[in-house]
Amino acid sequence: MVSQHVDVCICTYGRPRLLKKLLTCLREQRTESLFTCSVIVVDNDVGQSARQTVDEFRAQAGWHLRYEVEPVQNIALARNRAVQSATGDFLAFIDDDEYPGPDWLITLVEAQKRWNADGILGPVIPHYETEPPSWVIRGGFYERPSHATGTKLDWKNTRTGNALLRRSLFQEEDNLFRQEFGGGGEDRDFFRRMIRKGHVFIWCAEAPVYESIPPERFKRSFMLKRALVRGKIPHFRPVDYAKSLLAIPLYTLALPVLPLLGHHVFMKVLIRDFDHIGRLLALAGIDVVKEKYVTQ
């Protein structure tokens with residue numbers, strides 16, 4: 001007897017090709033009649049760039065497919081709109097540039113039953129759309145850490161790119177994603193607050209999703225712009241700014257000799273340098289990257 005319902009929540013912005021791939025994979029999910037599913041797509045583009053893709057899939061999906069628009073470009077508000085539109089027992093978050101295998105959802109649901117956790121998180125594995133430069137591979141710039149199945153996670157190892165969460169977590173308004181994290185970091189802030197309240201999140205290594213990495217993301221300019229944007233995330237403490245003041249000259253002085261160790265080493269340190277530079281620029285109110293979401 002089916003007793004649970006899962007809402008798959010997707011927030012998207014201007015990437016209809018990737019959204020189409022994701023929706024195609026979601027249509028192939030196995031449930032074994034253990035649960036029912038629906039899909040919520042929140043378009044964070046006032047121009048509604050995802051509407052046509054959603055309309056094309058709605059007639060053939062097999063699941064209920066709901067389309068919402070969050071006109072304010074803010075990922076936290078987009079996630080909150082998905083939460084507020086959901087009616088299921090669980091919310092499965094997946095990013096619009098990710099796609100799962102057919103056993104993704106059922107594996108997350110079974111893991112949740114096994115550990116009775118407030119949430120289950122799984123790996124995000126890079127899928128390169130074209131062969132990347134060797135330095136990208138050697139540097140592991142798109143590799144994310146994984147853990148043994150059953151690991152209890154701390155907030156530093158959390159994100160919403162592949163997560164099944166109890167909808168009851170969001171019944172308290174204070175538990176919603178915070179608007180001030182509209183450019184990113186809203187997920188780790190959410191998990192940090194939830195873990196402090198005693199909620200438990202468990203890792204499931206058997207439920208991966210795959211992140212599409214287009215060639216645009218191999219560009220050094222993309223990586224550096226994204227580092228500068230990370231500096232805007234409003235969760236830094238005075239000690240973090242002090243560390244940045246010390247780190248910037250050290251990293252900058254090291255840069256001329258690092259190519260001797262390989263371009264991947266040089267880029268890793270340069271990105272860290274830009275992370276700290278972006279942090280201090282944001283503190284000074286200087287906004288050098290105007291885009292809310294860096295996509296290329």
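Tutor: Start with Val124, which stands opposite Val209 in strand 10. Strands (E, at least two residues) and helices (H or I, at least four) are DSSP runs numbered from the N terminus. This is a predicted model: local features need pLDDT of at least 70, side-chain atom pairs count only at pLDDT 80 or more, and totals for chains, interfaces and linings use all residues. Residues are numbered from 1 along each chain as its sequence is written, and side-chain values use heavy atoms, with hydrogens and water left out.

Student: In which sense do strand 7 and strand 10 pair, parallel or antiparallel?
Tutor: Two strands pair if DSSP finds at least two bridges between them. Strand 7 (residues 124–128) and strand 10 are parallel, with 5 bridges. Strand 5 (residues 98–100) runs antiparallel to strand 10, joined by 3 bridges. There, Tyr99 has Tyr210 as its bridge partner in strand 10.

Student: How many residues of strand 10 are buried?
Tutor: Buried means under 20% relative accessible area, exposed over 50%, and partly exposed in between (1.4 Å probe, protein chains only). In strand 10 (residues 209–213), 4 of the 5 residues are buried.

Student: Why is helix 3 called largely enclosed?
Tutor: Helix 3 (residues 75–85) is largely enclosed by the rest of the structure because 9 of its 11 residues are buried. Among them are Ile75, Leu77 and Arg79.

Student: Is Val257 buried or exposed?
Tutor: Val257 counts as exposed because its relative accessibility is 51%. Val257 lies in the loop between helix 8 (238–254) and helix 9 (263–283).
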